[in-house]
Number of protein chains: 2
Amino acid sequence: MDIEQILAPYRAKVKEQGDIVRKLKSEQADEYEIKKAVTDLKACKHQLEEKEAELAPKNPVFDRTKLEDLLKQRFFFDHSFSIYGGVQGLYDFGPMGCALKNNMLTIWRQLFVVEEQLLEVDCSMLTPEQVLQVSGHVERFTDFMVKDLKTGECFRADHLIEGFLEGKLHNKKTAEAEKVEINKILPVLDNMGVHELQDIITRYGIKSPITNNDLSEPQQFNLMFPTSIGPTGHYKGYLRPETAQGIFVNFPRLLQFNQGRIPFGVAQIGSSFRNEISPRSGLLRVREFTMAEIEYFVDPAEKDTFHKYDRVKDYSLKLYSACDQMDGRSPHSMRVHDAVTQKIIANETLAYFMVRIHQFLVKVGVDPERLRFRQHLSNEMAHYACDCWDAECHTSYGWVECVGCADRSCFDLTQHAKATGARMVAEKLLSEPKMVEVCECVPNKAELGKEFKGEAKAIMAKLAGLSLEEARDLKQRLEKDQEETLAVGEKQFRIQASLVKFKEGVEKVHVEEIVPNVIEPSFGIGRIMYAVLEHNFNIREGDEARTYLTLPAVIAPYKCSLLPLSGKEEFTPFIKQLSEQLAKLGVQHKIDESSGSIGRRYARTDQIAIPFGVTIDFDTVNKKPHTATLRERDTMRQIRAEIDQLPQLIHDLVEGKITWTETLKQFPEFKEQETA
Amino acid sequence: MDIEQILAPYRAKVKEQGDIVRKLKSEQADEYEIKKAVTDLKACKHQLEEKEAELAPKNPVFDRTKLEDLLKQRFFFDHSFSIYGGVQGLYDFGPMGCALKNNMLTIWRQLFVVEEQLLEVDCSMLTPEQVLQVSGHVERFTDFMVKDLKTGECFRADHLIEGFLEGKLHNKKTAEAEKVEINKILPVLDNMGVHELQDIITRYGIKSPITNNDLSEPQQFNLMFPTSIGPTGHYKGYLRPETAQGIFVNFPRLLQFNQGRIPFGVAQIGSSFRNEISPRSGLLRVREFTMAEIEYFVDPAEKDTFHKYDRVKDYSLKLYSACDQMDGRSPHSMRVHDAVTQKIIANETLAYFMVRIHQFLVKVGVDPERLRFRQHLSNEMAHYACDCWDAECHTSYGWVECVGCADRSCFDLTQHAKATGARMVAEKLLSEPKMVEVCECVPNKAELGKEFKGEAKAIMAKLAGLSLEEARDLKQRLEKDQEETLAVGEKQFRIQASLVKFKEGVEKVHVEEIVPNVIEPSFGIGRIMYAVLEHNFNIREGDEARTYLTLPAVIAPYKCSLLPLSGKEEFTPFIKQLSEQLAKLGVQHKIDESSGSIGRRYARTDQIAIPFGVTIDFDTVNKKPHTATLRERDTMRQIRAEIDQLPQLIHDLVEGKITWTETLKQFPEFKEQETA
């Protein structure tokens, strides 16, 4: 029976429920009713997805334990501080993981910073509390946790309930009716509030899975790491939860750097922190991680056109729109321009970056067949976003969000402007000048300085930034009471009428002020890395023990191995010469002088994804011109070339200036056994 | 009068006092007496250095305020969160600073990771308290602070006293005798304990410089940022104060990665944190900073020979040895091999890395004339070091430590091994096998697992790591009492005699275990960056306002500017074509289409150190073949070349494949005025 036939009723059910949600929304029905309908919709979607996964062809090769063994044993990454027992959610990248990550970041910089002419910045991780209050993170960057009432052990509430319910679901004794109920709960767990979570814990009598003790009520836990800056202990700060805020608070300087013009993009690569309640799934949910974020500032009226859009409009992306999700349809490939025209992707700017994200992911080794863009449903969106597409990679953990591409509108700039009085706007030339009323507050600088000293600058900035209404209001109040309280940041100041004057009138203006919108592609480097490793993990046919990684040469930690046939001294000068030449060309390589057959050593280098290997043998030493073999990892085929040609050839292969297929044509193939 | 003649008596006084210290040490005199003599020695040194600085030829051009204006205005770096009033000691790097830093790190990776074949790792910044207790940082990574008794404001005690005493020193009313006294105190302030500091505060009646209120007694303040990991709030951690510990705790994995062999080196680039009491001096003393550290693990018996030493032995370094400092001599240039032979530099390994540090610093733009290596006096050394040379750069703040090169001996590996029972040793093949007594503790794995579950692994590791004496001791005690307490990390376990057996006898061994020593070159990237900026800051002759930076092309943020002569549309296609070709070659560049004369725009690009600039003019558009001018920043000379040749030419100039002098010979010079 055709898979689609089996899935048809599941799809129909989603569509039916999706229509109900749409209808309720269009009728502006009661919020509770909409929420309930969305819950049911998600349950239907969940069943459809489970069925799809069940019917999907299985990848027969992949065995996660084997991959994990390889990654640990060859030190791609491993738990931090494990000689001290380790810390959950913290990982150290060993030489292989670190090189892989650096190579990914180099490509990222080339594709985005260089080719898109972005302004890269590097901002502090330590962040004062006030900034994160304004950005909404102090209030909203939280998860619910429950505590074991006796041991104090903490669990993330939704994960705990999920584990419990999934156990029940797979228990044959559970009644069908209960299973239906559970299937409705599971997909909406992550949006539940404290009372809903408590209800479920009570209803199912959920206890601690470790001790079976009773659990506390769910309580909000802020996921930021707190610290205190400076010696007094009174200046609270956090480790940043995202790199974005560092860019937003620097907006005025960056705009000035760009000579006042928008659009422009800013990039930042750096660490962010998230104090997960119970980290799990290896690199996918960790407490310290590298992000690469772009904030592209654009005139909201001009999001619809992007200057390089023409280059990407015929590109195809696999899209899973909110609409598809509500209609029970599968994701499907679509020409970008069709998606923009049909308003599936909101605008050209967003579309352009989605294509660039796709190009980056494929270049670093993500399998395009296991990559899709999923649009957030409106109730999934972060507090700052108004539209969001996630680039998701399929792994053995399911679909994993690796890159988010959100339209944060003007949320952040507006918030910071409100809190500080800073001018978070760009100026836009009007097509024709217009007359506007003005009320400008002119401070008496000398007097203000005398009165407020170090604070005077901030007060003047605040006064200069007053809107027409605010300035008029202040003027009136000063006329009435002769003094007035002014809030600047968190402080309050008493301003005497004598300290300021007001200039009122009508002015001709040539520019208008706009608060730019922000399109934000945000890359989770660790997650991408894990997806790439899974997508490139292989086992040689006929030899279960020979695992290897087919990473693209451009991100492989080492590009080349140098193998002397044996430990004999006569090979050393050749190895040394090649090593130095490769180093000068910037080609990372590894000398493996260990004993063991060449075949065994190739197997070892295949494990760490070294794409090319040079073997120095007796012919190298004894015959002139000196030659050596060059082997490629994926085909395991070898050629023979003069030793002086090899460094440049390897360099060009790594840089993609020549392909392996072309190389095979240009040089004689070497057919002796690897174990020879 | 010759400078050296003036300095002679100062030098003599240092030498005299240095000899006293040496004598006391050789006689193993009372510790207090030695300390007092060292204090006097430092005072003499201080006077000598002050005199030297006074007599040194002044750099007539340098004006720090102008440099700071440039760095702020063109956003190299600036205070973080300044729209919120800023946070002391935190800086954001703007597009120019970030690119400069990235370029420096790329060169660092090429020189060290690639050319020295180091293993680069990337470890967690969040670090559990226990690790930093073992490394000594919880106890010893502290400064003394005093508090304003009324406002609670905190000051770093030594800096506060220093400021006060320097004020007194420059006050004409201060008696000469008191000045002599003060000159003795100043140079030893940073080594003083709580009582000494308190004595000075009392003696001089020092108050808060802000409020004139009384001050608290000095108290130790730990400079690490504390946080809490996980949701319970009971697992204390810190932000790492150095990247080194991440490498040490991974030593067993790294040794395995290197197939069990030493020597090998490990590198890490990353952020470290230091909660300064009162940060100052811009980038030189900050709370969050990038380090690049190398830990080179070496057999202590083999430090004296280094496999690549021959390449550096004829290199000259300006050395300021501990001996020179005690004898009142100036630093002087010396051939490395002479320094090693005379035991001024302790061993070849240390010497090799000092040369590589020198090469790196000069390559990124440090002026070799303002660079010296100063050896620590024995009482200045960090708690973990047994020898240390600092690469110091001279700036307007004086001599600044930019790179430390310390011999940490086996301090850290030994500490972590003791605390965890992990095997922090390498095996070394004996020249001939020897017979040794053994007492091996063989645990009953099944029983031990049943009894201790998750803890069993750590217990077995501990048992396996017992020394001969420890194992014998345990055996005896178990025979006597049938059970015994075993400490594993911070926990205690009761071990029954039935859980273990002992294998005693004599064994022939072919290897011995050694704890490697560690040579640690540690680079403060921000400090180097600041020194480079100061060393490369210039003002055009005859025009005070035209400041510019002569950064080497290889680290310049942008390599090339593209300037259309005016805003006319006909120039656009040429700019676009060049921009794309440069981007593909990975050449960072900046298009400046702003209005303003070419001369003015060149001045702007000179400020951000862009070494090359291409101008598109009417000849470019109207004549065939299309040509454009290429200008070099430092000489301000220009050539004319075909537009198709330019991208590769610029690429080669930046990479150093061709020099500007050669370029001037190959292409016709373009002599029209910049302002044409």
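Student: Which strand order does the open sheet of 3 strands in chain A have?

Tutor: Two strands pair if DSSP finds at least two bridges between them, and helices (H or I, at least four residues) and strands (E, at least two) are DSSP runs numbered from the N terminus. In this predicted model, the open sheet of chain A has the order β6-β5-β7, with antiparallel pairing. Strands β6 (154-156) and β7 (219-222) of chain A stand at the edges with a single partner strand each, so one side of each is left without a neighbour in the sheet. From one strand to the next the twist averages 50 degrees, where axes are lines fitted to C-alpha atoms, for helices over the stretch in contact, and angles run from 0 to 180 degrees between N-to-C directions.

Student: How many bridges join β5 to β7 in chain A, and which helix packs on the sheet?

Tutor: Strand β5 (residues 142-147) of chain A is joined to β7(A) by 4 bridges, and the two run antiparallel; A:D143 stands opposite A:F221 in β7(A). Helix α7 (residues 157-169) of chain A packs on this sheet by touching β5 and β6 of chain A, and its direction makes about 80 degrees with that of β6(A); contact here means heavy atoms within 4.5 Å.

Student: What should I know about numbering and thresholds before turning to single residues?

Tutor: Residues are numbered from 1 along each chain as its sequence is written, while chains are lettered from A and ligands numbered from 1 in the order in which they are written. Local features need pLDDT of at least 70 and side-chain atom pairs count only at pLDDT 80 or more, whereas totals for chains, interfaces and linings use all residues, and side-chain values use heavy atoms, with hydrogens and water left out.

Student: Is B:L111 buried or exposed, and which residues does B:L111 touch?

Tutor: Buried means under 20% relative accessible area, exposed over 50%, and partly exposed in between (1.4 Å probe, protein chains only). B:L111, in helix α4 (residues 95-114) of chain B, is buried because its relative accessible area is 8%. Not counting residues up to four places away in sequence, B:L111 touches B:E116, B:R356, B:Q359, B:F360 and B:K363.

Student: Where does A:K453 lie, and what is its phi?

Tutor: A:K453 lies in the loop between α16 (445-452) and α17 (456-464) of chain A, and has a positive phi of about 45 degrees although it is not a glycine. With a relative accessible area of 63%, A:K453 is exposed.
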